[in-house]
Amino acid sequence: PNPSPTPHLHLLLGQRSSISAVVATIPPPTFSAIASLNADQLYRIQDAPQEATITITNGPAPFMCTGLRIETPTARSGGSGEGAGTNGGENSSGIRATCPIPGEQKVFPGLQVTMDVVAGSAKDVLTLPISAVEGRFQSGFVYVPNPDGGEPAKKAVTLGLTDGKVVEIVEGIDESQ
């Protein structure tokens, strides 16, 4: 288990300090893995799962964390202290995925982590590279070859899951097209 938090004072008794100076730090009793997200990634995790797989760089084997939360600037909680690690550094959107580290995992502040979030899966579905589709979420367009050899025809399609490389085509064209 993680050791108990130990407060650290930065001032001596009676010492003066400036306004907004840090006078003490209290480590959190638990740690969380934190991954910065950009707004585009939110389209891929509309129905965020409750768990994620955490891999610590040069650490123990990957493990599951439960209680995954997606925090946006307007929905961000008051904060529970430092995270065990971050993925992707700071971003201007302030959107992040946070998942508590299980108590039996040995972690330290500032560890580099990878957080794998599986927001859905599909088997035996029609997919196209994202470069072949206009749009990435719910609806889009693809261009299908004209059987007469003329200009390709623009077809509306309904989109499903994407991993950022390929996108599922739910409706609008079939495999033969």
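I first located D124 in the loop between strand 9 (111–116) and strand 10 (127–129); helices (H or I, at least four residues) and strands (E, at least two) are DSSP runs, numbered from the N terminus. The model is predicted: local features need pLDDT of at least 70, side-chain atom pairs count only at pLDDT 80 or more, and totals for chains, interfaces and linings use all residues. Residues are numbered from 1 along each chain as its sequence is written, and side-chain values use heavy atoms, with hydrogens and water left out.

**Entry on backbone angles.** I read a phi near 55° for D124, a positive value in a residue other than glycine. D124 counts as exposed, at 85% relative accessibility (buried means under 20% relative accessible area, exposed over 50%, partly exposed in between; 1.4 Å probe, protein chains only). I then turned to N58, in the loop between strand 4 (51–56) and strand 5. N58 is also not glycine, and its phi is positive, near 60°. At 82% relative accessibility, N58 counts as exposed.

**Entry on the disulfide.** I took a disulfide as a pair of cysteine sulfur atoms within 2.5 Å, and by this rule I counted 1 disulfide. C65 is joined to C99, with an S to S distance of 2.0 Å. I noted the link of C65 and C99 as right-handed, with 120° about the S-S bond. C65 lies in strand 5 (residues 63–66) and C99 in strand 8 (residues 96–100), so the pair ties together parts that are 34 residues apart in sequence.

Are these cysteines, C65 and C99, buried or exposed? I found C65 buried, at 1% relative accessibility, and C99 buried, with a relative accessible area of 0%.
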